[in-house]
Amino acid sequence: MADEHTFTLNLEHIEGYEFRLKFDWPDLPDLTLDEPLPLGNQQGPNASRLLAAAVANCLSASLFFCLSKAHTTPRGMKTAVTGSIARNDKGRMRIDRLDVAITLDTDAEQAARLLRCTSLFEDYCVVTQSVRHGIPVHIKIATRAGETLYQD
């Protein structure tokens with residue numbers, strides 16, 4: 001790739017299933033990772049939760065960027081992501097799907113102007129577009145009042 005970017009994160013084993021994640025940005029604090037009970041001690045998020053958080057964050061940031069460019073920045077934005085884990089045909093546990101619900105605090109006038117963003121923002125989300133090759137990701141955007149603005 002001509003426009004390739006790289007980054008390196010480091011994991012250090014602490015005990016059991018607990019690891020310390022060191023980021024490549026020196027001012028960021030370390031993050032403890034662990035598996036849920038009963039396997040681990042639940043001292044931090046596990047990889048499945050980090051993946052879900054990465055997808056939700058990437059989609060939210062991508063939508064926010066598009067809305068900012070369109071001068072329709074919402075008063076608030078909340079995102080919820082629900083991950084589903086199921087066994088594959090070999091009996092191995094896999095993330096089966098991710099459902100992302102983005103709620104915008106916006107009025108009807110702004111909502112009409114942000115429709116263009118709903119057709120663009122997903123394609124610019126690096127994480128979601130990378131993950132979608134193996135995990136279905138479903139997205140819904142609604143206003144705080146419950147009006148659906150977008151659903152894939």
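Trainee: What makes β5 and strand β6 (residues 137-143) a pair, and in which sense do they run, parallel or antiparallel?
Mentor: Two strands pair if DSSP finds at least two bridges between them. β5 and β6 have seven bridges in the parallel sense, so they pass that cut-off. Two of the β6 partners are Val137, which bridges to Leu98, and Ile139, which bridges to Val100.

Trainee: What should I keep in mind about the model?
Mentor: This is a predicted model, where local features need pLDDT of at least 70 and side-chain atom pairs count only at pLDDT 80 or more, while totals for chains, interfaces and linings use all residues. Residues are numbered from 1 along each chain as its sequence is written, and side-chain values use heavy atoms, leaving out hydrogens and water.

Trainee: How many helices and strands are there in the protein chain?
Mentor: There are four helices and seven strands. Both are DSSP runs numbered from the N terminus: helices are H or I with at least four residues, strands are E with at least two. Going from the N terminus, the order is β-β-β-α-β-β-α-α-α-β-β. The C-alpha trace spans about 55 × 40 × 35 Å along its principal axes.

Trainee: Which strands stand at the edges of the three-stranded sheet, and why?
Mentor: That open sheet has the order β1-β2-β3, with antiparallel pairing. β1 (10-15) and β3 (31-33) each have a single partner strand, so one side of each has no neighbour in the sheet. The twist averages 30° from one strand to the next. Such angles run from 0 to 180 degrees between N-to-C directions, using axes fitted to C-alpha atoms (for helices, over the stretch in contact).

Trainee: How do you know that β2 and β3 are partners, how many bridges do they have?
Mentor: Three bridges join β2 (residues 18-22) to β3, and the two run antiparallel. One of the bridged residues is Leu21, whose partner in β3 is Leu31.

Trainee: What is the strand order in the other sheet, and what is its pairing called?
Mentor: The order is β4-β5-β6-β7, an open sheet of four strands with mixed pairing. Its edge strands are β4 and β7 (148-151), each pairing on one side only. Ignoring direction, neighbouring strands are turned by 15° against each other on average. Here β4 and β5 run antiparallel, joined by twelve bridges, whereas β5 and β6 pair in the parallel sense.

Trainee: Why is Ser48 called partly exposed?
Mentor: Buried means under 20% relative accessible area and exposed means over 50%, with partly exposed in between (1.4 Å probe, protein chains only). Ser48 has 26% relative accessibility, so it counts as partly exposed. Ser48 belongs to helix α1. Leaving aside its neighbours within four places in sequence, Ser48 is in contact with Ile85 and Ile95. For the whole chain of 152 residues, 29% are buried.

Trainee: What makes something a pocket?
Mentor: On a 1 Å grid over the protein atoms alone, a pocket is an open set of points with protein on both sides within 12 Å along at least five of seven lines, and lining residues have an atom within 4 Å of a point. The largest pocket holds about 1,000 Å³ of space. Of its 31 lining residues, those closest to the centre are Phe7, Leu9, Phe23, Ala54 and Val127. α1 gives the largest share of that lining, eight residues.

Trainee: What is the volume of the second largest pocket?
Mentor: About 210 Å³. Its lining includes Ser48, Ile85 and Ile95. By class, that lining has five nonpolar, four polar and one charged residues.

How values were computed
1 Å grid on protein atoms, 1.4 Å probe; cavity = no way out; pocket = protein on both sides within 12 Å on 5 of 7 lines; lining within 4 Å. Points joined across faces, edges and corners; volume = space filled by probe spheres on them. Nonpolar A, V, L, I, M, F, W, Y, C, P; charged D, E, K, R; others polar. Contact = heavy atoms within 4.5 Å.
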